[in-house]
Amino acid sequence: MLRSPWQRRALLAAPGLLLAGFGVVHPGQLDAASASWWATLHVVLLPVFPLLAVAQWSLLTPAPPWLRWPGRLAAFGFAAFYGGLDAVAGIAAGTVVHAQHGATPVVGAVFAAGDLLGYVGSACFLVASVLIVVAAALRVGWRAAPGAVVLLVASVSFVDSHIFWPRGVFTMVGVAVGMFLLAPAEVPVRDR
């Protein structure tokens, strides 16, 4: 059990920082040379992206139910739809390009499907982040402003940046910092 508020905050920031690290090694484009790593990296990322939803779910714990449950539903939507993006535009597209030794018309269709899933997922992430910010503002007032600004800017950037270097990496660092700053020092036992 985590006893320190700093440990809890660090745990909430960890998924964003981990994804920023993966973003540094994420290929900028999918082609025959990057296809194998592209597909492999997205297999590795499948269990990592949902950790952002777990962090959002946790940040919503002290929120009143009218914010907590819509926020958690949005966080779940992010995990489901963004996982679909990774499976389709990551694993499937990378596998097709690798097998065909280059892009084919099929890859464009696969990316179109993946992009739609990614936009829905990142929109869900943004909604959950907005509700986290509202809950934090209700809980601590203006003291939530620094974390709120950082998380909201990063969440808007995430809609179209994925984790690609450089913008996506900085976006994930922003998500981590925003979540760290918005984490409550203490979570009431009744809400866990």
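Reader: Before we start, what counts as a helix here, and from which terminus are helices numbered?
Author: A helix is a DSSP run of H or I with at least four residues, and numbering goes from the N terminus. Please note that the model is predicted.

Reader: Which helix holds serine 155?
Author: Serine 155 is part of helix H6.

Reader: Is that serine 155 buried or exposed?
Author: Serine 155 is buried, because its relative accessibility is 0% and the cut-off for buried is under 20%.

Reader: How far apart are serine 155 and cysteine 124?
Author: In sequence they are separated by 31 residues. In space, the C-alpha to C-alpha distance between serine 155 and cysteine 124 is 9.8 Å.

Reader: Moving on to H4 and H5: at what angle do they pack?
Author: The angle is about 155°, and the axes of H4 and H5 lie 7 Å apart. Angles over 145 degrees count as roughly antiparallel, so H4 and H5 are roughly antiparallel to each other.

Reader: Is the crossing of H4 and H5 left-handed or right-handed?
Author: H4 and H5 cross in a left-handed manner. In the contact of H4 with H5, 29 residues are nonpolar, 7 are polar and 1 is charged.

Reader: What is in the loop between H4 and H5?
Author: Histidine 101 lies in that loop. Although histidine 101 is not a glycine, its phi is positive, at about 60°. With a relative accessibility of 68%, histidine 101 counts as exposed.

Reader: And histidine 162, what is its phi?
Author: Phi of histidine 162 is near 50°, again a positive value in a residue other than glycine. Histidine 162 sits in the loop between H6 and H7. Its relative accessible area is 10%, so histidine 162 is buried.

Reader: Which peptide bond is cis?
Author: The bond joining tryptophan 165 and proline 166 is cis, with omega at about -5°. Proline 166 is also found in the loop between H6 and helix H7 (167–182). As background, most residues other than glycine have a negative phi, and most peptide bonds are trans.

Reader: Now the second largest pocket: what is its volume, and how many residues line it?
Author: The volume of the second largest pocket is about 280 Å³. Its lining has 17 residues, with Tyr82, Leu85, Asp115, His162 and Phe164 nearest the centre.

Reader: Which helix supplies the largest share of that lining?
Author: H4 does, with 5 residues. Helices H2 (35–45), H4 (65–100), H5 (105–140) and H6 (145–161) each supply at least two residues.

Reader: How many of the lining residues are charged?
Author: The lining of the second largest pocket has 3 charged residues, alongside 9 nonpolar and 5 polar ones.

Note on methods:
Residues are numbered from 1 along each chain as its sequence is written. This is a predicted model: local features need pLDDT of at least 70, side-chain atom pairs count only at pLDDT 80 or more; totals for chains, interfaces and linings use all residues. Side-chain values use heavy atoms; hydrogens and water are left out. On a 1 Å grid over the protein atoms alone, a cavity is a set of points where a 1.4 Å probe fits but cannot get out, and a pocket is an open set with protein on both sides within 12 Å along at least five of seven lines; lining residues have an atom within 4 Å of a point. Grid points are joined across faces, edges and corners, and a volume is the space filled by probe spheres set on the points. Ala, Val, Leu, Ile, Met, Phe, Trp, Tyr, Cys and Pro count as nonpolar, Asp, Glu, Lys and Arg as charged, and the others, Gly among them, as polar. Axes are lines fitted to C-alpha atoms, for helices over the stretch in contact, and angles run from 0 to 180 degrees between N-to-C directions. Angles under 35 degrees count as roughly parallel, over 145 as roughly antiparallel, 65 to 115 as roughly perpendicular and the rest as oblique. A crossing is left-handed if the near helix is turned anticlockwise from the far one by less than a right angle, and right-handed if clockwise. Buried means under 20% relative accessible area, exposed over 50%, partly exposed in between (1.4 Å probe, protein chains only).
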